[in-house]
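Work through the exercises below with the sequence and the structure in view. Try each task before reading its solution.

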Amino acid sequence: MEHDEIITSPYHGIIKEIVIKENAKIDEGEPLFIIQTLTGENKAIKVSIRGSVQSIEVQVGDEVIPGMVLTYVKDESFIV
């Protein structure tokens, strides 16, 4: 399966919420995940392209580290 964008975690923390679902259409700037960082802050991970969610690689409660893959997104920005 070809992926156009790999969304990774910029933070070390815990997945508190998964906002998206597999195969969902998403728009640029839409939140995908909420991560609670080690400092206790909740940070939204947003997508930078319009597309569709190909797979979700984490679950609520999972510990994540910077660079860890969260999801794969197929770029559909070119589709009108």
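**Exercise 1.** Decide whether lysine 43 is buried, partly exposed or exposed, and find the salt bridge that its side chain forms.

Solution. Start with the cut-offs: buried means under 20% relative accessible area, exposed over 50%, and partly exposed in between (1.4 Å probe, protein chains only). Lysine 43 has a relative accessible area of 26%, so it is partly exposed. Next, apply the rule for a salt bridge: a side-chain nitrogen of Lys or Arg within 4 Å of a carboxyl oxygen of Asp or Glu. The side chain of lysine 43 meets that of glutamate 41, at 3.6 Å from N to O. Glutamate 41, at 42% relative accessibility, is partly exposed.

The model is predicted: local features need pLDDT of at least 70 and side-chain atom pairs 80 or more, while totals for chains, interfaces and linings use all residues. Residues are numbered from 1 along each chain as its sequence is written, and side-chain values use heavy atoms, leaving out hydrogens and water.

**Exercise 2.** How many salt bridges are there by this rule, and which parts of the chain does the pair of glutamate 76 and lysine 25 tie together?

Solution. The count is two salt bridges. Side chains of opposite charge can pair when their charged atoms come close. In the salt bridge of glutamate 76 with lysine 25, the distance from N to O is 3.1 Å. Glutamate 76 lies in the segment after β8 (69-75) and lysine 25 in strand β3 (residues 25-26), so the pair joins parts 51 residues apart in sequence. Now compare accessibility: glutamate 76 is buried at 15%, whereas lysine 25 is exposed at 59%.

**Exercise 3.** Locate serine 9, and state which residues it touches beyond four places away in sequence.

Solution. Serine 9 is in the loop between β1 (5-8) and β2 (13-18). Its relative accessibility is 2%, so serine 9 counts as buried. A contact means heavy atoms within 4.5 Å. Leaving out residues up to four places away, serine 9 touches Ile35, Val64, Ile65, Pro66, Gly67, Met68 and Leu70.

**Exercise 4.** How many helices and strands does the protein chain have?

Solution. Helices (H or I, at least four residues) and strands (E, at least two) are DSSP runs, numbered from the N terminus. The protein chain has zero helices and eight strands. For the chain as a whole, buried residues make up 35% of the 80 residues. Among contacts between residues at least 6 apart in sequence, 58% join residues at least 24 apart.
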